[in-house]
Amino acid sequence: MLRYIEEQFAGQRAKLRVVTEMLRLGLRVDSEGNLFCGNIGIAPAKMARALSVDRRVVIETAREIAATDGLFRIFSDLQPTANVSKAAKLLGQDVIEIDADPKSVGVVAAVSGVLAKHNVKIRQIIADDPELYPEPKMHIVVDGKLSQKAASALRSLGLQSVSFK
């Protein structure tokens, strides 16, 4: 998918920056080229300021997405997702942060299997897309405090890095 998007905005670095951030945040575009986070309208000027680009770049990018069938099919259905990993401690939850080879298969299955074996309830799993994030991580929010046995079992999986927040 990202390759298709990069091809559509080849040679247009500022527009590619806008599109990449839209993907990261789950911002959608309607048929008129308006930007939304869920059902809340996003002002192009504010997005432009945050990305250090001219507001016209944001407007042109959104309109180009609306006018290009393949892009519109992608960006009209995006949805923002709440990532509670940074607030988890305040909610009485622990967070497991995992670095693994983005090309490896079965990481989520292995980790969730270990957690299930130790009766740990998973509240949320968010894995960064390696095409959008240069150093992708997976964050797993679990109910309550993670036991030492579960933590040791996770460390024994042979992943690049397992840390607890």
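## Charges over rings

The charged end of Arg28 sits over the ring of Phe36, 4.5 Å from the centre of that ring, where a charge is counted as over a ring if NZ of Lys or CZ of Arg is within 6 Å of the ring centre and within 35 degrees of the ring normal. Arg24 likewise lies over the face of Tyr133, at 4.6 Å from the ring centre. The count of aromatic pairs comes to zero, under a rule by which rings of Phe, Tyr and Trp (its six-membered ring) pair if their centres lie within 6.5 Å, with planes under 30 degrees apart taken as stacked, over 60 as edge-to-face and the rest as tilted.

## Basis of the description

This is a predicted model, in which local features need pLDDT of at least 70 and side-chain atom pairs count only at pLDDT 80 or more, while totals for chains, interfaces and linings use all residues. Residues are numbered from 1 along each chain as its sequence is written, and side-chain values use heavy atoms, with hydrogens and water left out.

## Overall architecture

The protein chain holds seven helices and seven strands, these being DSSP runs numbered from the N terminus (helices H or I, at least four residues; strands E, at least two). Read from the N terminus, the order of elements is α-α-β-β-β-α-α-α-β-α-β-β-α-β. The C-alpha trace spans about 55 × 30 × 25 Å along its principal axes.

Of the 165 residues of the protein chain, 38% count as buried; buried means under 20% relative accessible area, exposed over 50%, and partly exposed in between (1.4 Å probe, protein chains only). Among contacts between residues at least 6 apart in sequence, 66% join residues at least 24 apart, a contact being heavy atoms within 4.5 Å.

Strands β1, β2 and β3 form an open sheet in the order β1-β2-β3, with antiparallel pairing; two strands are said to pair if DSSP finds at least two bridges between them. The edge strands are β1 (28–29) and β3, each of which pairs on one side only. Between β2 and β3 there are three bridges in the antiparallel sense, and Phe36 stands opposite Gly41 in β3.

Asn39 lies in the loop between β2 (35–37) and β3 (40–42), and Asn39 is exposed, with a relative accessible area of 71%. The side chain of Asn39 makes a polar contact with the side chain of Arg28 (3.4 Å); a polar contact is a pair of N or O atoms within 3.5 Å, where within protein one must be able to donate a hydrogen and the other to accept it, and residues adjacent in sequence count only if both atoms are side-chain atoms. Asn39 and Thr81 are 42 residues apart in sequence and 13 Å apart in space, C-alpha to C-alpha.

## Strand β6 and its partners

Five of the six residues of strand β6 (residues 138–143) are buried, which leaves the strand mostly covered. Strand β4 (residues 93–99) pairs with β6 in the antiparallel sense over six bridges, and strand β5 (residues 122–127) runs antiparallel to β6 with five bridges. Ile140 in β6 stands opposite Ile96, and Ile140 is also the bridge partner of Ile125.

## Nonpolar cores

The largest nonpolar core has 24 residues, and those with the most contacts inside it are Ile5, Val18, Met22, Met47, Ile65 and Phe75; such a core is a set of buried Ala, Val, Leu, Ile, Met, Phe, Trp, Tyr and Cys residues joined through side-chain atoms within 4.5 Å. Helices α1 (2–8), α2 (13–25), α3 (44–51), α4 (55–67) and α5 (69–75) each supply at least two residues of this core, and α4 gives the most, with five residues.

Leaving aside residues up to four places away in sequence, Ile65 touches Phe9, Val19, Met22, Val29, Leu71, Phe72 and Phe75. A second, separate core of 17 residues includes Ile98, Val107, Val114 and Ala153.

## Loop residues

Ser52 and Asp54 both lie in the loop between α3 and α4. Ser52 is exposed, with a relative accessible area of 60%, and phi of Ser52 is near 55°, a positive value in a residue other than glycine. Asp54 counts as partly exposed at 35% relative accessibility, and a polar atom of the side chain of Asp54 lies 2.7 Å from the backbone nitrogen of Arg56.

Asn119 is found in the loop between α6 (107–117) and β5. Asn119 is exposed, with a relative accessible area of 73%, and phi of Asn119 is near 55°, again a positive value in a residue other than glycine.
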